[in-house]
Amino acid sequence: MRTEDFWQLIDEARAGGGGEPGPVAARAVALLAQRDPEDIIGYARHQTRVLAASHKADLWGAAYLINGGASADGFEHFRGWLMTQGRAVFARAVTEPDSLAELPQVRAASLSGEEFSAEQMLSVPWDAYRKATATELPADRDPVRTPDLNDFWDFDDEDEARRRLPRLAALFVEPPLE
């Protein structure tokens with residue numbers, strides 16, 4: 001599966017999923033299950049690469065600020081939510097995590113405390129493969145390695161958050177008054 005096909009399927013799921021992560025993931029499963037099993041395997045491989053490419057310390061810091069904390073699983077689930085936002089938002093967040101401060105739902109979360117997570121988006125290829133074939137998705141023989149985050153920083157350090165993610169820090173370190 002090509003990059004364009006991967007994101008096009010997510011866009012189709014977004015269009016029919018009402019924008020909420022659960023329905024987007026369910027629609028992605030339904031759409032992907034209609035495809036050839038090799039396409040589903042290709043989607044799984046591409047998703048693994050997308051998640052590996054987005055496994056970056058500053059994006060984890062952004063998730064930590066936005067969600068009021070983010071464990072390793074929480075960061076995975078945050079990136080699942082980020083996938084439901086579409087290719088442009090995802091790609092920009094990977095290269096410039098502070099750009100998430102521009103999203104209306106993130107700005108609203110600075111006041112509401114809403115957290116962003118879509119664990120179900122991460123299981124889309126496995127659920128689709130099971131639905132399409134009544135068998136489990138084969139294990140990838142050439143898994144993508146997750147980058148080592150040697151440049152980790154203390155996400156609780158407010159000064160470092162302000163330096164690295166100034167727009168998000170303005171929203172979440174010292175949230176605006178209502």
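**Close-up 1. Helix H3 passes helix H5 in a right-handed crossing.** In this predicted model, H3 spans residues 37–53 and H5 spans residues 72–83. The two helices pack at an angle of about 115 degrees, and their axes are 11 Å apart. That angle makes H3 roughly perpendicular to H5. On the H3 side, look for Tyr43, Gln47 and Leu51; they meet Glu76, Arg79 and Met83 of H5. Sorted by class, this contact of H3 with H5 has three nonpolar residues, one polar residue and two charged residues.

**Close-up 2. Helix H2 packs against helix H9.** Here H2, residues 21–33, lies at an angle of about 45 degrees to H9, with the axes 8 Å apart. H2 is therefore oblique to H9, and their crossing is right-handed. From H2, the residues making the contact are Ala25, Ala28, Val29, Ala30, Leu32 and Ala33. H9 brings Val124, Pro125, Asp127, Ala128, Lys131 and Ala132 to meet them. The class count for H2 with H9 is ten nonpolar, no polar and two charged residues.

**Close-up 3. Trp60 and Phe75 form a stacked aromatic pair.** The count of aromatic pairs in the model comes to nine, and this view picks out one of them. The ring centres of Trp60 and Phe75 are 4.7 Å apart, with 10 degrees between the planes. Trp60 sits in helix H4 (residues 57–67) and Phe75 in helix H5, so the pair ties together parts that are 15 residues apart in sequence. Are these two residues, Trp60 and Phe75, buried or exposed? Both Trp60 and Phe75 are buried.

**Close-up 4. Phe78 and Trp81 form a tilted aromatic pair.** For these rings the centre-to-centre distance is 5.5 Å, and the planes have 40 degrees between them. Both residues belong to helix H5, where Phe78 and Trp81 are three residues apart, about one turn of the helix. Phe78 is buried, and Trp81 is buried too.

Close-up 5. Leu59 has a relative accessibility of 0%, so Leu59 counts as buried.

**Close-up 6. Thr84 in the loop between H5 and helix H6.** H6 covers residues 87–95. With a relative accessible area of 2%, Thr84 is buried. Setting aside neighbours within four places in sequence, Thr84 is in contact with Arg14, Pro21, Val24, Ala118 and Met121.

**Close-up 7. Ala134 has a positive phi.** Most residues other than glycine have a negative phi. For Ala134, phi is near 60 degrees. Where does Ala134 lie? Ala134 is in the loop between helix H9 (124–133) and helix H10 (158–164). With a relative accessibility of 70%, Ala134 counts as exposed.

Notes. Residues are numbered from 1 along each chain as its sequence is written. This is a predicted model: local features need pLDDT of at least 70, side-chain atom pairs count only at pLDDT 80 or more; totals for chains, interfaces and linings use all residues. Side-chain values use heavy atoms; hydrogens and water are left out. Axes are lines fitted to C-alpha atoms, for helices over the stretch in contact, and angles run from 0 to 180 degrees between N-to-C directions. Helices (H or I, at least four residues) and strands (E, at least two) are DSSP runs, numbered from the N terminus. Angles under 35 degrees count as roughly parallel, over 145 as roughly antiparallel, 65 to 115 as roughly perpendicular and the rest as oblique. A crossing is left-handed if the near helix is turned anticlockwise from the far one by less than a right angle, and right-handed if clockwise. Contact means heavy atoms within 4.5 Å. Ala, Val, Leu, Ile, Met, Phe, Trp, Tyr, Cys and Pro count as nonpolar, Asp, Glu, Lys and Arg as charged, and the others, Gly among them, as polar. Buried means under 20% relative accessible area, exposed over 50%, partly exposed in between (1.4 Å probe, protein chains only). Rings of Phe, Tyr and Trp (its six-membered ring) pair if their centres lie within 6.5 Å; planes under 30 degrees apart count as stacked, over 60 as edge-to-face and the rest as tilted.
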